Amino acid sequence: MWLENLHLLNFKNYEDVNLQFPSRVNVIVGKNGSGKTNLLDSIYYLSFTKSAFSPDLSLLRHEESYMMVRGIFRISAETHIISSSVQPGTKKIFRIDSQDYQKISSHIGKFPVVLIAPDDVDLIKEGGEERRRFFDSIISQLDHQYLEELMRYNHFLKQRNSLLKMASERGSIDWVAIESYDASIVKSGDYIFNARKTFLFEYFSKFLSYYKFLVDDREVCEIRYQSELLEQDFATGLISSKRKDLVLQRTTFGIHRDDFVFTMSGRDIKRIGSQGQQKSFVIALKLTQYEILKKRNAFKPILLLDDIFDKLDDNRIGRLLELIKGDFGQLFITDARPDRTNHLLKEVSVESGIFIIENGKITT
């Protein structure tokens with residue numbers, strides 16, 4: 001799969017750009033703040049129906065009242081036009097081949113994109129919510145029912161928490177209503193728990209091979225799924241935590257508290273890993289995501305690499321470029337130092353299209 005054409009109107013700092021892309025490597029260069037990441041984000045938007053960084057209304061160019069993103073994707077011999085428009089006060093429109101989606105979530109997974117960005121290190125540095133979101137995003141692209149169960153779970157969890165908060169304010173609790181929400185939460189939660197557990201078993205072996213390649217097999221790493229459901233079934237856990245939930249005014253047991261623990265030599269990589277080690281770990285996470293999506297879809301996703309050469313030593317950069325030269329499809333690479341990128345790509349004999357961004361304008 002590759003993106004042939006991208007048209008942006010009033011998207012972030014772009015007034016009107018219309019670009020044709022080569023099917024292999026596209027290098028986006030420009031000063032920091034020029035809009036390189038915004039361009040990648042527009043491609044991400046066409047895949048996930050949302051930005052990787054900002055809510056929809058923040059995507060509109062300053063003082064504009066409308067924005068549009070449109071891309072033409074090719075998968076084998078077929079082409080598909082994906083478009084979306086956002087206007088304050090109206091319903092968001094998302095289309096495939098001129099047909100509006102009835103449920104925008106049904107688009108997820110059809111045109112897979114993997115983004116590797118500097119902020120990805122938050123997967124290591126931040127709390128479990130970041131890691132859950134990362135793995136949920138991958139599994140949702142592979143299993144549409146998982147996405148439906150996740151949305152259903154979050155809906156009923158929110159309703160349950162609202163009841164608990166109201167009970168504290170009123171001094172009484174409607175346990176019948178709580179139990180009705182519990183039944184829905186348990187049904188969806190069990191599906192999510194089993195899907196996460198099964199997925200990580202497949203994911204970790206591929207992750208390990210990528211990480212060992214990037215670091216020359218010097219470090220021992222592990223990803224461990226941490227869930228209360230490994231120790232106690234969901235229904236029993238909800239019952240046993242009822243009184244605690246009432247005091248704290250929130251649900252204190254469930255898969256919304258799960259985590260994926262990243263370790264190196266048996267210790268938390270957040271505490272002992274260097275910047276280079278942490279970045280290599282994150283890149284391996286994302287390359288594994290790419291590999292799994294490629295295998296399940298029988299075509300190659302688009303890979304977006306945003307300023308990834310920072311904080312990597314020459315050895316890790318060299319190994320990453322070896323992977324890029326290999327079995328990857330279309331790539332988009334951003335760098336504030338075009339001389340560095342050109343030199344690195346020449347070293348591995350990779351031809352590329354060059355796009356130069358300056359003041360919201362793009363030249364080739």
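## The mixed sheet

Let's start with an open sheet of six strands, ordered β8-β12-β13-β3-β14-β15, where the pairing is mixed. Its edges are β8 (113-116) and β15 (361-363), and each of them pairs on one side only. On average, neighbouring strands here are turned by 20° against each other, ignoring direction. A quick note on terms: strands (E, at least two residues) and helices (H or I, at least four) are DSSP runs numbered from the N terminus, and two strands pair if DSSP finds at least two bridges between them. Angles run from 0 to 180 degrees between N-to-C directions, with axes as lines fitted to C-alpha atoms, for helices over the stretch in contact.

Keep in mind that this is a predicted model: local features need pLDDT of at least 70 and side-chain atom pairs count only at pLDDT 80 or more, while totals for chains, interfaces and linings use all residues. Residues are numbered from 1 along each chain as its sequence is written, and side-chain values use heavy atoms, with hydrogens and water left out.

## A closer look at β3

Strand β3 (residues 25-29) runs parallel to strand β13 (residues 331-335), and five bridges pair them. Along this pairing, I28 sits opposite T334 of β13, and V29 has D335 as its bridge partner. Five bridges also join β3 to strand β14 (residues 352-358), again in parallel. There, V25 faces S352.

Why is β3 largely enclosed by the rest of the structure? Five of its five residues are buried, where buried means under 20% relative accessible area (1.4 Å probe, protein chains only). V25, V27 and V29 point one way from β3, while N26 and I28 point the other way.

## The antiparallel sheet

There's also an open sheet of six strands in the order β2-β1-β4-β5-β6-β7, this one with antiparallel pairing. The edge strands β2 (14-20) and β7 (99-100) have a single partner strand each, so one side of each is left without a neighbour in the sheet. Inside the order, strand β4 (residues 67-75) pairs with strand β5 (residues 78-86) in the antiparallel sense over nine bridges. M67 stands opposite V86 of β5.

Helix α1 (residues 36-48) packs on this sheet, touching β1 (2-11), β2, β4, β5 and β6 (93-96); contact here means heavy atoms within 4.5 Å. The direction of α1 makes about 110° with that of β1.

Definitions and conventions: Buried means under 20% relative accessible area, exposed over 50%, partly exposed in between (1.4 Å probe, protein chains only).
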